[in-house]
Amino acid sequence: MKKTVLSIVMAAVATVAAAQVSFGFKAGVNVAKESPMVTKADGLPIAESISFKTGFHAGVLMNVKLTSMLELEPSLMYSLQGYYGIIESVGEEQIIHKPNYHVNSHYLNVPVALKLFLNRGLYLEAGPQVGYLLKKKDKFDDFDNENSFTSDNTKKLDFSLFGGLGYRFNEGIFIEARYAHGLTGTSKLFRGGKNRNIQISLGYSF
């Protein structure tokens with residue numbers, strides 16, 4: 001068994017070492033929200049409406065060319081997400097009855113994309129993503145409020161799956177669209193609150 005595991009590891013290292021590796025960066029727009037949260041006891045919704053809000057993302061990436069059609073792309077991305085809505089009640093931790101309510105979630109995300117090239121530049125991509133919440137703040141449009149999100153009621157780690165498509169030009173410039181679907185909730189107190197994020201990116205690899 002040890003010899004088999006060692007052989008697999010050595011084969012993987014040799015494959016990566018022999019692969020063509022390039023680096024790059026990308027940035028773009030987020031259109032994000034969270035799924036509605038409900039109370040754990042009776043499943044009642046705590047938000048009247050949750051809608052998408054715009055943010056942005058930016059970061060660096062590495063492309064590992066596995067075959068003529070397949071590439072592996074891990075990246076490190078800063079991502080501003082969150083949502084916009086009207087919160088009716090969030091128990092003792094937070095009670096809100098005002099519209100124009102904004103939540104900004106600052107994430108450090110590590111997506112790992114497997115890219116399948118269909119022709120010279122067009123590709124499909126999919127993979128997992130793990131995110132770490134750097135900061136989460138809420139704000140009303142018309143008055144100041146104390147931030148409702150603390151380490152006691154908010155989860156730091158976020159796990160998602162994503163898929164998308166893109167096009168890479170001969171000059172190394174690429175454009176892509178990606179949808180990330182959160183699998184874990186953002187709250188320690190309530191069910192739901194899973195991240196949903198549509199990303200449009202422009203990047204360059206060299």
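Predicted model: local features only at pLDDT ≥ 70, side-chain atom pairs only at ≥ 80, totals over all residues.
User: What makes the pair Glu71 and Arg168 a salt bridge?

Analyst: The closest N and O atoms of Glu71 and Arg168 are 2.9 Å apart. A salt bridge requires a side-chain nitrogen of Lys or Arg within 4 Å of a carboxyl oxygen of Asp or Glu, so the pair qualifies. By this rule the count comes to 9 salt bridges.

User: Why can such side chains pair at all?

Analyst: Side chains of opposite charge can pair when their charged atoms come close.

User: Why is the pair of Glu71 and Arg168 said to tie together parts that are apart in sequence?

Analyst: Glu71 belongs to strand β5 (residues 70–87), while Arg168 belongs to strand β8 (residues 157–168), so the pair ties together parts that are 97 residues apart in sequence.

User: How do you know whether Glu71 is buried or exposed?

Analyst: The relative accessibility of Glu71 is 7%. Buried means under 20%, so Glu71 counts as buried.

User: What about Arg168: is this residue buried or exposed, and why?

Analyst: Arg168 has a relative accessibility of 18%. This value is also under 20%, and therefore Arg168 counts as buried.

User: Why are Arg178 and Glu176 called buried?

Analyst: Arg178 has a relative accessible area of 4%, and Glu176 has a relative accessibility of 3%. Both values are under 20%, so both residues are buried. Glu125 is buried as well.

User: What joins Arg178 and its partners into one network?

Analyst: Salt bridges that share partners join Lys26, Glu73, Lys115, Glu125, Glu176 and Arg178 into one network.

User: Where is Lys136, and why is this residue called buried?

Analyst: Lys136 is in strand β7. Its relative accessible area is 6%, which is under 20%, so Lys136 is buried.

User: What makes the pairing of the Lys136 and Glu34 side chains a polar contact?

Analyst: The distance between them is 2.8 Å. A polar contact needs N or O atoms within 3.5 Å, so the distance meets that cut-off. Leaving aside residues up to four places away in sequence, Lys136 touches several residues, including Glu34, Val103, Asn147 and Phe149.

Technical notes:
Residues numbered from 1 in each chain as written. Heavy atoms only, no water. Helix = DSSP H or I, 4+ residues; strand = E, 2+ residues; numbered from the N terminus. Buried < 20%, exposed > 50% of the residue type's maximum accessible area, 1.4 Å probe, protein only. Polar contact = N/O pair within 3.5 Å; in protein donor to acceptor, adjacent residues only side chain to side chain. Contact = heavy atoms within 4.5 Å.
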